[in-house]
Amino acid sequence: MAQKNIIVEKSNYIPPAQLPVEIVERKGTGHPDYIADSISEASSRELSKYYLERYGAILHHNLDKVLVVGGQSSPKFGGGEVVQPIYILVSGRATTEVTTRDGKESIPIGPIILKATRDWIKKNMRFLDPDTHVIIDYRIGKGSADLVDIYTRESKYPGANDTSMGIGYAPLSPTERIVFETERLLNSPKVKNELPAVGEDIKVMGVRKGNKLTLTIAMAAVSRFVHNVQEYLDVKENVKKLVREHASSLADLDLEIYVNTGDDPSRADRGGVYLTVTGTSAEHGDDGATGRGNRTNGLITPFRPMSLEATAGKNPISHIGKLYNVVAFQAANEICTLDHVGEVYIKLISQIGKPINEPLLAYIAINAPEDVATRVKHQAEEILSNHLDKINTLWEKFLKGEVTIF
């Protein structure tokens with residue numbers, strides 16, 4: 001078995017739920033940063049499928065530099081229009097040329113990226129038209145690969161393409177779970193059917209002080225479904241009610257819920273309420289970039305250790321910024337199911353060029369009584385070791401969209 005360099009210690013971290021204050025954020029489907037992450041990943045996924053189908057291997061690429069530049073719009077009660085399109089630039093590196101036994105072949109990078117971007121928008125944004133509301137562009141650094149002897153050169157575990165880290169923890173605190181599920185609720189098909197005016201651009205900020213949890217929700221209302229100020233205010237009240245009911249079922253906390261606190265209804269005819277034509281703030285000046293949004297488990301958690309790596313768009317074969325973050329969270333979730341283990345943190349550090357299943361350091365911190373931490377030490381090592389040994393199969397889950405990475 002390969003050397004895993006695993007160290008297991010009793011955790012010195014205080015669980016966030018036991019701290020006097022806690023801060024948690026999630027950016028939802030239509031937020032410009034989430035859009036950038038999603039397009040990075042969709043482009044990587046479709047390019048990987050092309051490489052795999054045509055050449056039998058996923059070639060080197062990193063499409064983790066997507067920029068969403070906000071457009072301009074003119075929403076109004078009952079309608080409005082986009083007057084300047086959103087500009088989306090997909091940037092990064094990819095293998096654009098391949099040498100086979102039959103000669104050199106060029107990869108149709110542009111068509112793959114353009115289709116992946118349009119398809120994601122069509123699938124996830126009800127009122128954002130990728131053909132009329134968006135300009136899609138790409139700037140990809142060129143690379144090449146010689147596939148004549150690729151199968152004799154490949155090893156079971158490729159070398160890490162970076163010296164970097166991945167960090168994961170489990171379980172979620174009650175505040176973290178409420179923040180995550182609040183956004184998922186508001187972007188669920190059920191809520192979209194019941195309240196079509198709720199746009200996809202949802203951001204949730206949770207601030208807990210003692211037993212009091214304040215949720216501040218930014219919700220882009222879709223103007224075609226809101227005909228006056230009162231209808232807009234009714235949508236906000238319905239959102240509060242739905243969130244309160246769901247959050248109350250998750251934890252016994254004193255809830256305070258705010259929606260669109262920047263509103264000034266007296267100035268509704270001059271932009272005093274959060275109306276959008278398409279359901280995203282990207283239509284009117286709000287920008288986004290890959291890696292500025294949620295971490296690998298879908299949350300932004302300043303009271304937890306976090307990796308600042310952008311997981312989206314990185315190749316699923318050898319890029320540690322993607323693989324180690326996913327492995328850390330998956331292994332932490334499994335270890336925390338062991339008897340009497342309260343909380344688990346995992347930190348994985350790579351060295352460029354070394355096999356991806358052999359980290360320079362694999363650190364596990366277990367929140368449990370001393371005797372429990374000692375008793376489960378070997379189980380924890382074995383769980384993490386098994387996840388590292390399966391790291392070379394994660395690409396299949398990435399291509400199927402089965403792994404949450406933002």
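**Confidence.** I looked up pLDDT before anything else, since this is a predicted model. The protein averages 94, with 97% of its residues at 70 or more. I then checked residues 147-152, where pLDDT stays under 50. For this stretch I found 11 contacts beyond four places in sequence. Where pLDDT is low, the coordinates should not be read in detail, and I took the entry no further.

I traced an open sheet of 4 strands, ordered 1-16-15-9, with mixed pairing. Which strands stand at the edges? They are strand 1 (6-10) and strand 9 (165-170); each has a single partner strand, so one side of each lacks a neighbour in the sheet. From one strand to the next I noted an average twist of 15°.

I followed the pairing of strand 1 with strand 16 (residues 361-367): it is parallel and runs over 5 bridges. Within this pair I looked up Ile6, whose bridge partner in strand 16 is Ala362.

Next I asked what helix 7 (residues 320-335) touches. Helix 7 packs on the sheet and touches strand 9, strand 15 (343-349) and strand 16. I recorded an angle of about 25° between the directions of helix 7 and strand 9.

**Helix 1.** I checked the span of helix 1 (residues 32-55), which has 24 residues. From first C-alpha to last it reaches 34 Å, close to the 34 Å expected at 1.5 Å a residue. Is helix 1 largely enclosed or largely open? I found 17 of its 24 residues buried, so helix 1 is largely enclosed by the rest of the structure. After helix 1 comes Gly56, for which I noted a positive phi near 75°.

Notes. Residues numbered from 1 in each chain as written. Predicted model: local features only at pLDDT ≥ 70, side-chain atom pairs only at ≥ 80, totals over all residues. Heavy atoms only, no water. pLDDT = per-residue confidence, 0-100. Contact = heavy atoms within 4.5 Å. Pairing = 2+ DSSP bridges. Helix = DSSP H or I, 4+ residues; strand = E, 2+ residues; numbered from the N terminus. Axes fitted to C-alpha atoms, helices over the stretch in contact; angles between N-to-C directions. Expected span 1.5 Å × (residues − 1). Buried < 20%, exposed > 50% of the residue type's maximum accessible area, 1.4 Å probe, protein only.
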